[in-house]
Amino acid sequence: MNGKGKQMKAAFLTGFGGNDVVAYGEVPEPVRTADSVLVDVHAAGVNPVEIVIRQGLFAALPENFPIVMGFDVSGTVLDAPANSGFKAGDDVYGRLPNVYGAYAERIAIPSALLASKPKTITHQEAASLPTVALTTWQSFFERARLVAGESLLIQAGAGGIGTFAIQLAKHIGANVAATASANNQDFLRSVGVDKAINYETESFEEAGPYDVVYDGVCGDLVLPSIRSVKPGGRYVGLRRVSDERAWIEYGQTPEAAARIAAHNLPYRKAAEERGVEFHGPLTRPDGGQLAEIAALVDAGQIKPFVSQVFGLRDVAKAYDAMATGRTRGKIVVAVKD
Ligand SMILES: NC(=O)c1ccc[n+]([C@@H]2O[C@H](COP(=O)([O-])OP(=O)(O)OC[C@H]3O[C@@H](n4cnc5c(N)ncnc54)[C@H](OP(=O)(O)O)[C@@H]3O)[C@@H](O)[C@H]2O)c1
């Protein structure tokens with residue numbers, strides 16, 4: 001961030017490590033560049049990958065501390081370029097690219113990454129959407145090419161990704177099964193699944209095979225999930241299985257992308273042997289897609305689920321809550337009261 005004297009409140013990392021590196025204090029205000037929009041931040045969404053970044057374990061890490069965290073933002077435009085499609089006073093939401101910064105009073109964000117905030121929901125609800133919505137939109141439309149009538153299994157149906165994915169898949173017309181603990185079976189049904197699977201007592205394989213598996217759990221579930229996809233179907237994994245295409249879209253060279261994605265080889269082989277496509281996407285910011293998503297929200301097709309809200313001083317507490325792995329829907333940081 002380039003400061004010119006003006007300061008603002010923010011939550012930031014002072015280094016990589018545990019929650020002891022998460023600080024609250026003043027940092028220089030961002031300066032709006034020729035193609036960016038200055039936004040007065042109302043709320044910011046919290047995502048599990050931030051804990052991986054905080055620990056210094058993400059494959060592409062920022063280097064200059066303090067690092068203001070937060071990918072997902074909802075707020076009001078303070079200043080925008082004349083040709084940006086936005087003007088002071090507009091309510092907007094967006095997803096930041098490889099730089100972060102939403103846990104701050106103000107942020108400068110390229111106009112192409114913003115969309116008008118859905119009118120029917122609050123800023124906190126809007127801030128809960130960008131990452132989970134874009135990831136799922138890109139996974140369903142650009143990767144899995146999910147169509148009406150297909151069967152879909154969502155691993156981790158009760159979390160941020162899952163709650164959005166269930167609703168988008170039902171909107172597309174898919175037949176949706178999703179996994180969660182006993183505690184979340186009624187919740188899954190309230191979000192709209194056709195079949196809720198209790199992973200503590202039931203096998204997701206038995207309810208398959210599926211045309212598409214959308215896997216927010218991964219780890220030990222990648223191989224059995226691939227084996228529960230019908231030949232000709234698609235597997236999309238989200239946790240630590242990002243593929244070459246994703247890393248190239250993220251800005252890595254093809255050589256670096258191949259190196260980072262090499263650990264997926266056993267998964268790619270298993271998928272190939274079964275005649276299944278293997279996908280490991282990474283979220284791509286996209287204001288145009290967020291505009292389409294806002295239209296679905298305002299049409300009542302998709303509803304955000306915010307279960308916990310923390311103050312800007314309490315980002316470490318938000319990370320503790322996220323690290324339990326038990327989040328229902330989304331966690332949000334309220335930047336304005
Ligand atoms: N590749 C990408 O670009 C990308 C983008 C977004 C997210 N992700 C990743 O995708 C994963 C999911 O994201 P998220 O935002 O949905 O996380 P989240 O909100 O933290 O997910 C929490 C949910 O996971 C469920 N869960 C935990 N273990 C489970 C299991 N074994 N089987 C089924 N459900 C289980 C929990 O339900 P119960 O309490 O009922 O178990 C809880 O509701 C994360 O690892 C995240 O980092 C990747």
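Modeller: Start at Leu153: its bridge partner in strand E12 is Val213. This is a predicted model; local features need pLDDT of at least 70, side-chain atom pairs count only at pLDDT 80 or more, and totals for chains, interfaces and linings use all residues. Residues are numbered from 1 along each chain as its sequence is written.

Leu153 belongs to strand E9, which covers residues 151–155. Helices (H or I, at least four residues) and strands (E, at least two) are DSSP runs, numbered from the N terminus. E9 runs parallel to E12 (residues 210–215), and four bridges join them. Strands pair if DSSP finds at least two bridges between them.

E9 has another partner, E10 (residues 175–180). That pairing is also parallel, over four bridges. Here Leu153 stands opposite Ala177. From E9 the chain passes through helix H4 (residues 160–172) to reach E10, and this β-α-β crossover is right-handed (with the strands pointing away from the viewer, the path from first strand over helix to second runs clockwise).

Now the side chains. Ser151, Leu153 and Gln155 point one way from E9. Leu152 and Ile154 point the other way. In a regular strand, side chains alternate between the two faces of the sheet. Five of the five residues of E9 are buried (20 or more other C-beta atoms, placed from the backbone, within 10 Å of its own; exposed is 12 or fewer, partly exposed in between). Across the protein chain, 49% of the 337 residues count as buried.

The core draws at least three residues from each of domain 1 (7–128 + 305–334) and domain 2 (131–279); the bounds come from an automatic or database domain assignment.

Follow Val333. Beyond its neighbours within four places in sequence, Val333 is in contact with Ala43, Ala44, Val46, Gly70, Tyr103, Phe310, Leu312, Val315 and Ala318 (C-beta atoms, placed from the backbone, within 7 Å).

Finally, the two domains. Their centres, taken over C-alpha atoms, are 26 Å apart. Their contact takes 13 residues from domain 1 and eleven residues from domain 2. The protein chain as a whole has eleven helices and 16 strands. Its C-alpha atoms fill a box of roughly 60 × 45 × 40 Å along the principal axes.

Note on methods: Two residues are in contact if their C-beta atoms, placed from the backbone, lie within 7 Å.
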